Amino acid sequence: MNKVKLFIDGRELLAPAGEKLLWVALENDIYIPHLCAIREEQRPSACCRLCFVEVEGRKRPVTSCTLPVREKMMVKTRTPAVDRLVRTAFELLLSDHRLNCGKCPKNRACALQRIARERGLKLKPGRFKALGREFPPIDESTGAFAFDRSRCVLCGQCVHADQQVVKVGAIGFSRRGLDRCVSTFTGVKLADSPCTRCLLCVEACPVGALYPL
Amino acid sequence: MRNLSASETAYRRLRQQAEAKLAPLKDKPLIWIGTATCGKAAGAIEVREAFKEELAKKGVEARVLEAGCMGHCYAEPLAVIAKPGFPAICYGKVDEGLVKRLVDDFLLHDDPCYEFALVALETNDFFPTFSDFPRGVYEEKIILEDCGFIDPEDIDHYIARDGYVALAEVLGTKTPQQVLAEIKAANLRGRGGAGFPAGVKWEAVAVQTEKTRYVICNADEGDPGAFMDRSILESNPHLVLEGMLICAYAVAAQRGYLYIRSEYPQAIRRVRTALEQARQRGLLGSSILGGNFNFDLGIFAGAGAFVCGEGTALVNSMEGKLGLPEHRPPRLSTAGLRGKPTVLNNVKTFAYVPLILRRGADWFKQTGTPGSPGTAVFAMAGKVANPGLAEVPMGTTLRQLIFEVGQGLAGGKQFKAVQIGGPSGGCLPEAALDLPIDFDSLQEAGAIMGSGGVVVLDEDDCMVRIAHYFLKFTQHESCGKCTFCRLGTKQMLDILGAITRGEGTLADLETLRELAEDVKAGSLCNLGGTAPNPVLTTLKYFYDEYRAHIEGKCCPALMCPDLIAYYIEPLKCSKLCSACVGSCPVEAVYTREDGLKAIDQEKCVKCDNCLKACPVEYNAVVKLSPPSLLQEKEGRGR
């Protein structure tokens, strides 16, 4: 396979042509915040808006999950513009996320905590008010795992596992705007859905929305 | 003269048939009723029936035909009477009484009732035509030229006015490359708002190796207050179909769709009729005009999401998926509908195409500015005296558009701002009025051309509320896919809401600005990418108004309910009148012991009824902001 030479934060790297920048960086131990990225997806959803980087020749920060690497690409993962967007996106996500990490089953293994640690951000909505929305009660109907919508960041990792990997189709995205959510068809309990309790969705969840019981 | 090609010969036959069919129309008086949705809403159907009834009753021989929209919304319903021996005359605000007069005085007795006439459509010695009014001087109708003057449900009207002649000539004498070259030479820029050159877009599809290609017309017009696309589809659908056919020939597409929002049932109906008639005439389907070009069109009715006007979301929704936008690239030109190369253009963009090919790229470039040739169509609404649809050359200033074409502000009010480009556009102040309108200049000022909505705002409009209004629309229409748009617009809306309630802080303003800039820079698609524009432009041009809400708890435009109080001036109030008392839905207005009226602030819901009810000779009800002014007033009043 064709390899290209690129520079990330001054480090010279070789990577397969066409590979998306995010994966090249992660493989070389260069951390870029991300929640929704799925390597196998032909068309990345690019919805979490956290994996911004600056690339020479581009005016604005771009999402690294959608950017194929090119020969002689010059990438910076930390610039004032990148940090600003990441901080805002992060604070926005936290403004709609139930934040009592101490009691969260994903405490210390949460992708949000990792982002905060790596980027020196506080685990707080910062400038924004917590939306404090009402969410449906935690669904523990399967007995095998729980689904807590108040901690969901809508990254789509679970939906991908369910629909693309095991091809069950128990869950999917529904509704629009602020009401967008992961749910079963017509919103029935997971136990009443085609869910096979394979737990792949639980494994895929980067935060504490899906966790084993 | 050169020999006609086969398709031109086929066209000539259609043309002769159409002319033969329409010739008898000139023998009898002809009454046109504007029955686009706007006309219907104003009562055009009643007017049509009244004419038919009155003609039958009086035994007058005349034809009643339906046309689309002429763009003069302020005067709807409109009727045009073309009586042999008289210039065609247009009458505005027609009602049943006027119908009787017109039938009696004009059709029976040759008195055209000039006192009720709006404008004459042909030059004559008695009554002015459009070009005698300021609006007519500034307007230059290209794609709206025939709108309102032909029957949109009869293809022969379009054919008789040179319709499909460009298609016949293209098929008979031009190669696809020549068509592309002509469109590129004309520098036709996409009228959906972004202004991307159509020729470049088409060429990107034409050069693909994949042979299955699609042409889609974006008629998912969703901006509040914008109705250009609907009006064109309802008034002259064949113009758009011909443009799509020419595009399909240029990019070698076999199939196309018109994506029309379901909220436009009449546009869908008229386009469907147009498609059927075009197929009957051999202008659509296989072997078009007898040649070897095959192309067919279908209608896709959009289910009503604003974001589906965005190309990738539109394609997703056509494929039966959730109408959510995708990251680009790949662009539609490489992977569009069903993964195939796709041209997606706005209704207006396609409407220019037949005219450019009929008259040439050089003709097109005579109008407008070098960077943005041609005309711009605006749907003017808000506080303007004469709202309506206007087509002006690119480069016309906002001042000319609002004060000449739109005849200034309604009710003699003071101009404050113009919101251009819909919820994705910006609010521009007085100082920006001399800006020549084109794609690039508006962008520099912080607004966008958008699809052409123009909302004029006056002194009574609070800019914070206006920003809140437009953002509320985009926040509601956000698909929720990406973080910035889903949560960013919500947080912005909450901050704006707090400011209108007098609960904002100056720090909130900074957060608002930062967040607006980040949502603009960080969103996945252009809905989020442009949603902050109303906020950013009002912050830029009307910062003092934001500060007044925060520091003085005062709404200078007296519009924010939480920052105003209603008060009855005792010196102006009359003991003889109690209109305000009766108008109050919550019994907050009461009669004092001395017979004057007053408002119980605890009960008042600020519905504005008492202010409207108070007779103009008293004008005793006033709004005060901040509400703390009440104490001062009441101290003095007692």
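The model is predicted: local features need pLDDT of at least 70 and side-chain atom pairs pLDDT 80 or more, while totals for chains, interfaces and linings use all residues. Residues are numbered from 1 along each chain as its sequence is written, chains are lettered from A in the order in which they are written, and side-chain values use heavy atoms, without hydrogens and water.

Helices (H or I, at least four residues) and strands (E, at least two) are DSSP runs, numbered from the N terminus; two strands pair if DSSP finds at least two bridges between them. Chain A has an open sheet of five strands in the order β2-β1-β5-β3-β4, with mixed pairing. Its edge strands are β2 and β4 (62–63), each pairing on one side only. Two of the pairings are tabulated below.

| Strands of chain A | Sense | Bridges |
|---|---|---|
| β1 (residues 3–8), β2 (residues 11–16) | antiparallel | six |
| β3 (residues 52–55), β5 (residues 74–76) | antiparallel | two |

A:Ile8 has A:Arg11 of β2(A) as its bridge partner. Two residues lie between β1(A) and β2(A) in their hairpin, where A:Asp9 takes a positive phi near 50°.

At the interface, 35 residues of chain B are in contact (heavy atoms within 4.5 Å) with 30 residues of chain A. The rule finds four salt bridges across this interface (a side-chain nitrogen of Lys or Arg within 4 Å of a carboxyl oxygen of Asp or Glu). A:Arg176 forms a salt bridge with B:Glu477, with the closest N and O atoms 3.6 Å apart.
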